[in-house]
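Hi,

Here is the model I promised to pass on. Have a look at it first, and then read on for my notes.

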Amino acid sequence: MSGGEAEAEKIAYVFKVVVIGDSAVGKTQLLSRFARNEFCLDSKSTIGVEFQTRTVTINSKLIKAQIWDTAGQERYRAVTSAYYRGALGAMLVYDVTKRQSFDHVARWVEELRAHADTSTVIMLIGNKADLVELRAVPTEDAVEFAEAQGLFFFETSALSGDNVEPAFLKLLEEIYVVVSKKALDSSNAVKPSFTGGAAAISGPDFEVSEIKKLSTCSC
């Protein structure tokens, strides 16, 4: 048995996480930093439906995070309900140097809540926090919005890597809390089974159609 097969057998859950927000706020760069600890200065717009994965340990459980990128759909406001289906968590990203990207956050929250399960955990991310002199969105504004909407909040820099790891891990930890509670509520089930649009997939047998794993760095 190969190392990959052995790891697959030990995976307790696969958590689907979607990353949303305006175009060019650094969504794909955040994914690349978390999944592969990479950042490409020469980046391009994401094309096609793409995702990246990373396996982490939470509460002694091996969790595979499958993180989906909007793949440029947001430029046309064409993010479909299929993109949100099954999402246990969402990372909503804005650019701290672009006020308009923050002003659009409320619309993204509304769209997410219209298409995703009510238990979906939402993390608000103010990216490009390293560009201090160009900041257009005060941290206080984002904190106030996050508190009003019941969101978690981090400011990050995909370029430097600051807070990227803590933000993703916090999101995954909160998803685990929700999933664990649902598992306890399903006391008669052999494996956790959840209703609604969100579902935690037990084990590695998660089938994905019409998507491709991200192999090139894009933004």
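The secondary structure of the protein comes to seven helices and eight strands, where helices (H or I, at least four residues) and strands (E, at least two) are DSSP runs numbered from the N terminus. Please keep in mind that this is a predicted model, in which local features need pLDDT of at least 70, side-chain atom pairs count only at pLDDT 80 or more, and totals for chains, interfaces and linings use all residues. Residues are numbered from 1 along each chain as its sequence is written, and side-chain values use heavy atoms, with hydrogens and water left out.

**Confidence**

The mean pLDDT of the protein is 81, and 72% of its residues reach 70 or more; pLDDT is the predictor's confidence in each residue, from 0 to 100. Over residues 192–219 the pLDDT is below 50, and beyond near neighbours in sequence this stretch has 79 contacts in the model, a contact being heavy atoms within 4.5 Å. Where pLDDT is low, the predicted coordinates should not be read in detail.

**Overall numbers**

Of the 219 residues in the protein, 46% are buried. Here buried means under 20% relative accessible area, exposed over 50%, and partly exposed in between (1.4 Å probe, protein chains only). The accessible surface of the protein is about 10800 Å², and carbon and sulfur atoms hold 50% of that; the areas come from the Shrake-Rupley method with a 1.4 Å probe, and for residues only the protein chains shown count as cover. Among contacts with a separation of 6 or more, 77% join residues 24 or more positions apart.

**The cores**

The largest nonpolar core has 29 residues, and Phe15, Ile67, Met91, Phe168, Leu172 and Ile175 touch the most other members. By nonpolar core I mean a set of buried Ala, Val, Leu, Ile, Met, Phe, Trp, Tyr and Cys residues joined through side-chain atoms within 4.5 Å. At least two residues of this core come from each of strand E1 (11–20), helix H2 (27–36), strands E2 (50–58), E3 (61–69), E4 (89–95) and E5 (121–127), and helix H7 (164–185). H7 gives the largest share, eight residues. There is also a second, separate core of 24 residues, which includes Trp68, Tyr94, Ala116 and Leu124.

The buried ones are Lys27, Thr28, Gln29, Leu30, Leu31, Ser32, Arg33, Phe34 and Ala35. Their cover includes E1, E2, E3, E4, E5 and H7.

How do H2 and H7 pack, and at what angle? The angle is about 85° and the axes are 10 Å apart, with axes fitted as lines to C-alpha atoms, for helices over the stretch in contact, and angles running from 0 to 180 degrees between N-to-C directions. That makes H2 roughly perpendicular to H7 (under 35 degrees counts as roughly parallel, over 145 as roughly antiparallel, 65 to 115 as roughly perpendicular and the rest as oblique). On the H2 side the contact is made by Leu30, Leu31, Arg33 and Phe34, and on the H7 side by Val164, Glu165, Phe168, Leu169 and Leu172.

**Positive phi**

Most residues other than glycine have a negative phi. Ala24, although not a glycine, has a positive phi of about 70°. Ala24 sits in the loop between E1 and H2 and is partly exposed at 34% relative accessibility. Lys128, also not a glycine, has a positive phi of about 70°. Its place is the loop between E5 and helix H6 (139–149), and Lys128 is partly exposed at 23%. Just after H2, Asn37 takes a positive phi of about 55°.

**Some buried residues**

Asp95, in strand E4, is buried at 1% relative accessibility. Leaving out residues up to four places away in sequence, Asp95 touches Ala24, Val25, Ser101, Asn127, Lys128 and Val137. Val179, in helix H7, is buried at 2%, and its C-alpha atom is 8.6 Å from that of Leu88, 91 residues apart along the chain.

Best wishes
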